[in-house]
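Reader: I would like to learn how to read helix packing and backbone angles in a model. Please take one feature at a time.

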Amino acid sequence: MNLTEGAIAKITSGGATAAELKPTLQVTELKQVHTKQPQQSDRFRLVLSDGSHLQQAMLGTQINHLVKDGNLRPCSVVQLIQYTCTTVQGRINFTGSWHFYASWSAYQQPSPMYSNTGQVAKNDAPPRLMPISALNPYQGRWTIKARVTAKGELRHYNNPRGNGKVFSFDLLDSDGGEIKVTCFNAVADQFYHQIEAGKVYLISRGNLKPAQKNFNHLRNDLEVFLESTSIVQPCFEDDSVIPRQQFNFRSISEVEGMDNNNVVDIIGMVSSITPAASIMRKNGTETQKRTLQLKDMSGRSVEFTLWGSFCNAEGQRLQNMCDSGGFPVLAVKSGRVSDFNGKAVGTISTSQLFIDTDFPEARRLKEWFEKEGRNVPSLSISREMSSVGRADVPKTISQLKDERLGTSETPDWVTVNATVIFIKADNFCYTACPLMSGDRPCNKKVKNNGDGKWRCEKCDQSMDECDYRYILQFQIQDHTSITWVTAFQESGEDLNFSKYEKQDDESFSKIVRQVLFSKSVFKLKVKEETFSDEQRVKSTVVRAEKANYSSQSKFLLDMMEKFKSGNSAPVASNTESTYPNSGANSIGIESSGRPCGPLGSNQGGNKGYIARKFGSLPCEVGQHGNQYSTETNIALGFLHLLFLVTAVVLLAIPQQIALVS
């Protein structure tokens, strides 16, 4: 009886299956494996030989009786009828059933041609593709072909075990299986720039572990952790069989019954949207926020919040579409449900937004909205105006003082539509530390040691060079009053202050003149601070954006509609104010360090009367004056200002015609 020489190498290399090859082998070793759980069946490990190679194997529990009956023992010759080949902890194992041929009562040394001195076979064959749904932690050799549907940012973290970095991405294969892949530290650096959302990859040699549901919202109980030996191979030819995205849309009425922190896919019509607002996190960092209302065919609407980068990218696009009178369809992949102020949904780092896409659900929703949905009332599952905090409510400059903003324990966040009328040219920048503190620059003030080096007390280090950062102080004016504000580097750049390091007064004055008398939407942090044992309210510019007249007009029209329908809340507000009579030079730049007013502000006369008229308008309507809301005051003020500007232009036209004649 001859052994099937070369069978082990052929099977372990993937060149043969149980249906193609039923080899005859010899058992050289047989041992019982002791399991930790006594209730499990006995397991037996064997070493098989084909005369050239040796290979470990596990005996199927259904044929354990061959060992217990004494029929299968060392030196027995067997034929493999059914078997599988897997990799466990880097070792290749056979598992299967056997056909018993013969046995010897005593161990007999095989003939020299069948000696067991041969090399153990290595499985170097390329692994076979597997669907994501077939993966399990007991497989050590697998390869999946899938598309990256979402890629997270490279985040830094700090825990008791130390600092680290992590990023993750989601995969989708042709069978609809999804799984999350996570990389830490050096592995994150290795694969972060290689992975691109929307591309197809072959991924193998990853570590399969139970999914951490706190950070994993996919419908898979496993997730992949890549290691330095993992293989990520891009497929340069796109596989059209693999879908680009997979949704599990839930209606807004279903969201109402979901638990907090659930992750959901929703789709709806954007019926309204608010401007972006700056929010300060608990860790002291700033982020952007924009809220909108979604409604669908279930008769419900929900508040959806865009956070961070979503606010300025997709959020600004939605804002422009709504300002132009459109009602876009928004599909959300992976939004998080919250129960703050009723039920609401917001973006997370792995969220994806699709605007006016060609999904079947989007087409059905658009048709419904055009036929009947536009006029169908919907019941909001979010509390009314839950997203409108002080960071979202516009204020006039006079209201900053009249409402005593900034005097509470926490700062107030407001937006003001105003014009830059004066910039203080002295001490417009400071020397800052360029060293990194965590994932951000230190930016603390540094001092010159006198030896050409700069020292930072916070970092306790000296450096050869420092950064120069803006600390701009300027006045802004609206139709009610004037106030001083301070802007640092980032908000200064929002005002088109470029980084100009050459000591050229003429060029610097040119930059300042470009900013003067430009109108912007200023997002201010108003907080009372102590200066020389004196309490003062300081307004800091957090962000500055160019005035969007289309958005402002829509906002004012909405406020007037609410006022006419009686939905405006009664807010007592005294916006009466007058302009200070202070002088200014020709371009509104102070060169001597003295406070300087706006250009032409010393010409009180009718301009002061007009300003007072705007400020006192809500108080001159008799007993109903205190029923006007803050928003209505702004709306009426803007409308009167627009009326006066139009009147001035019309009065100037005949004079221009006369000059031409």
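Reader: How are two packed helices described, and at what angle do the axes of α6 and α11 cross?

Author: Two packed helices are described by the angle between their axes and the distance between the axes. In this predicted model, the axes of α6 (residues 314-323) and α11 (residues 549-565) come within 9 Å and cross at roughly 60 degrees. That makes α6 oblique to α11 (under 35 degrees is roughly parallel, over 145 roughly antiparallel, 65 to 115 roughly perpendicular, the rest oblique). Axes are lines fitted to C-alpha atoms, for helices over the stretch in contact, with angles from 0 to 180 degrees between N-to-C directions. Helices are DSSP runs (H or I, at least four residues) and strands likewise (E, at least two), numbered from the N terminus.

Reader: Which residues make the contact?

Author: Gln319, Cys322 and Asp323 of α6 meet Ser550, Ser551 and Lys554 of α11, where contact means heavy atoms within 4.5 Å.

Reader: Which residues of α10 are buried?

Author: In α10 (residues 505-515), Phe508, Ile511, Val512 and Val515 are buried (under 20% relative accessible area; exposed is over 50%, partly exposed in between; 1.4 Å probe, protein chains only). On the other side, Glu506, Lys510 and Gln514 are exposed.

Reader: What about phi?

Author: Most residues other than glycine have a negative phi. Asp356 has a positive phi of about 50 degrees and lies in the loop between β19 (344-355) and α7 (360-371).

Reader: What should I know about the numbers?

Author: Residues are numbered from 1 along each chain as its sequence is written, and side-chain values use heavy atoms, without hydrogens or water. Local features need pLDDT of at least 70 and side-chain atom pairs count only at pLDDT 80 or more, while totals for chains, interfaces and linings use all residues.
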